[in-house]
Structure formats: structure tokens, C-alpha cells
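This report is written for a reader new to the structure. The sequence and the model come first, and the description follows.

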Amino acid sequence: MANPIGAILSTGLMLETLGQPEAARAIEAAVESAVADGTGTADIGGTLGTREVGDAIAVRIRPS
């Protein structure tokens, strides 16, 4: 199992660098929300698999 949060946050950093700060903030907020809700892989105290965590974060991303 891998923790996808690092890759997801890296995408946010890439978007920030490419001049898309709103999209970057949406990704960061989605990750923060998921972690605050206990959504995570076992290495951070959660119970979900890699795909499940990615999906849970994806549904939290809202366009601004």
C-alpha cells in the first residue's frame, strides 16, 4: 500500500507554479478535510487503501 497524499499535494504545488493558485488551494483544502475526517491509509492512522483515499480526496475538490 502507498499513501497517495504526497503525490496529490505535489500536484497542488505544480498547479501553483503554473499559475493556478485557486486549483492548488482546492487540492490542499481537500487533503486537509480528508485527513481531519480520519480518511487515510494505515501509515497515518487510517483504514483505507490507496485508491479509496485518492477517491475520497477527489470528491472533496470543488471548483472555485
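## Contacts along the chain

Among contacts in the chain between residues at least 6 apart in sequence, those that join residues at least 24 apart make up 53%. A contact here means heavy atoms within 4.5 Å.

## Basis of the values

The model is predicted: local features need pLDDT of at least 70 and side-chain atom pairs count only at pLDDT 80 or more, while totals for chains, interfaces and linings use all residues. Residues are numbered from 1 along each chain as its sequence is written, and side-chain values use heavy atoms, with hydrogens and water left out.

## Overall form

The chain has three helices and zero strands, and from the N terminus on its elements run α-α-α. The radius of gyration of the chain is 12 Å, close to the 11 Å that the globule rule gives for 64 residues, so the chain is as compact as a globular protein of that length. That radius is taken over C-alpha atoms, and the globule rule is 2.2 Å times the number of residues to the power 0.38. Helices (H or I, at least four residues) and strands (E, at least two) are DSSP runs, numbered from the N terminus.

Taken along the principal axes, the box filled by the C-alpha atoms is roughly 35 × 20 × 15 Å.

## Surface and burial

The accessible surface of the chain is about 4,100 Å², and 58% of it belongs to carbon and sulfur atoms. Accessible areas come from the Shrake-Rupley method with a 1.4 Å probe; for residues, only the protein chains shown count as cover.

Of the 64 residues in the chain, 28% are buried. Buried means under 20% relative accessible area, exposed over 50%, and partly exposed in between (1.4 Å probe, protein chains only).

## The buried side of H3

Helix H3 spans residues 50-58, and Val53, Ala56 and Ile57 are buried in it. These residues lie on the same side of H3 because they cover an arc of only 95° around the axis; the arc is that of the directions from the helix axis to the C-beta atoms. Their cover includes helix H1 (5-17) and helix H2 (21-36).

## Two residues compared

Threonine 39 is placed in the loop between H2 and H3. This threonine 39 counts as buried because its relative accessibility is 11%. Leaving aside residues up to four places away in sequence, threonine 39 touches Ala34, Ile44, Leu48, Ala56 and Arg60.

Alanine 36 belongs to helix H2 and, at 66% relative accessibility, counts as exposed. Between the C-alpha atoms of alanine 36 and glycine 12, 24 residues apart along the chain, the separation is 18 Å.
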